[in-house]
Amino acid sequence: MAAALAGALLTLALTGSDGPSAPGEDSADVGFARDMAIHHQQAVEMSFIVRDRTDDEDVRRFAYDVINTQANQRGMMLGWLDSWGVTIGSGTPPMQWMEHDRSGGSGGQHDGSHDAPHGGQHGSAAPDGRDAPAGSGGGALMPGMATEAELEQLREAEGEEAEVLYLRLMTEHHRAGVDMAEAGEEMAGTEEIRDLAAGMVEGQASEINLMARMLAERDATTG
């Protein structure tokens with residue numbers, strides 16, 4: 001991760017006024033960085049919560065890994081947004097960049113390598129009439145994110161109950177994150193976003209499998 005961060009900083013240093021033009025406000029690159037930064041922020045928040053609600057070393061170690069990885073990645077994305085001269089926040093609904101034609105409508109290169117549906121497995125609306133996800137802003141829905149009620153339930157849980165709830169919420173979070181990252185890898189026009197998104201797909205898919213095993217050890221399922 002330190003090497004990736006160093007590479008990102010080097011990229012920023014090299015892409016000055018004579019380098020490639022910065023992605024525009026409506027690009028997949030900007031939309032991905034904004035939305036994934038919010039997505040990561042909640043993953044970090046949930047991981048801090050469970051760290052203090054359990055003594056299980058495996059869960060605490062996993063939560064610590066999520067905190068380190070996603071906080072670093074979030075910092076990289078916020079840095080890119082700043083270097084591109086765009087605001088971190090946006091008045092447009094989240095995930096709008098994924099509504100563009102995945103064959104290149106957002107300025108990315110399409111090679112046909114990904115065929116995941118827009119919005120991912122969980123769609124763009126909260127299932128079962130749940131509240132809007134916490135941290136999504138303005139009541140807008142962000143796929144995979146926990147609701148405020150679910151976060152409060154996690155804060156009140158302890159021990160194995162907290163572990164199972166966290167692993168279920170984070171599995172849902174990661175699944176949506178993989179869908180977003182696959183779209184970002186496919187649609188982005190900048191190498192830094194494509195490379196980061198590809199790493200997210202691989203890393204979070206591996207962690208989904210790890211969480212499934214951890215749930216099975218607790219005689220629980222993903223829900």
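Let's start with M95, which is buried at a relative accessible area of 7%; buried here means under 20% relative accessible area, exposed means over 50%, and partly exposed is in between, with a 1.4 Å probe and protein chains only. M95 sits in the loop between α3 and α4, and its phi is positive, near 75°, in a residue other than glycine. A quick word on where this comes from: it's a predicted model, where local features need pLDDT of at least 70, side-chain atom pairs count only at pLDDT 80 or more, and totals for chains, interfaces and linings use all residues. Residues are numbered from 1 along each chain as its sequence is written, and side-chain values use heavy atoms, with hydrogens and water left out.

Stepping back to the whole chain, there are six helices and zero strands; helices (H or I, at least four residues) and strands (E, at least two) are DSSP runs numbered from the N terminus. Of the 223 residues, 45% count as buried. Take the contacts, meaning heavy atoms within 4.5 Å, between residues at least 6 apart in sequence: 73% of them join residues at least 24 apart.

Now, aromatic pairs. Rings of Phe, Tyr and Trp (its six-membered ring) pair if their centres lie within 6.5 Å; planes under 30 degrees apart are stacked, over 60 edge-to-face, and the rest tilted. That rule gives two aromatic pairs. One is F32 with W97, edge-to-face at 5.8 Å centre to centre and 85° between the planes. F32 lies in helix α2 and W97 in the loop between α3 and α4, so this pair ties together parts 65 residues apart in sequence. Both F32 and W97 are buried.

Then there are F62 and Y166, with ring centres 6.3 Å apart and planes at 70°, so that pair is edge-to-face too. F62 is in helix α3 and Y166 in helix α5, 104 residues apart. F62 is buried, and Y166 is as well.

That leads us to the packing of those helices. Two packed helices are described by the angle between their axes and the distance between the axes. For α3 (residues 57-83) and α5 (residues 159-187), the axes come within 11 Å and cross at roughly 35°. Axes are lines fitted to C-alpha atoms, for helices over the stretch in contact, and angles run from 0 to 180 degrees between N-to-C directions. Who makes the contact? On α3 we have V59, F62, A63, V66 and Q70, and on α5 we have E163, Y166, M170 and H174.

At 0% relative accessibility, S47 counts as buried. Beyond its neighbours within four places in sequence, S47 contacts A63, V66, I67, Y166 and M170.

As for α5 itself, 22 of its 29 residues are buried. From first C-alpha to last, α5 reaches 41 Å, close to the 42 Å expected at 1.5 Å a residue; the expected span is 1.5 Å times one less than the number of residues. Helix α6 (residues 191-217) has 27 residues and reaches 39 Å, close to the 39 Å expected. Its buried residues include I193, L196, M200 and Q204.

Is D219 buried or exposed? At 76% relative accessibility, D219 counts as exposed. Phi of D219 is positive, near 55°, in a residue other than glycine.
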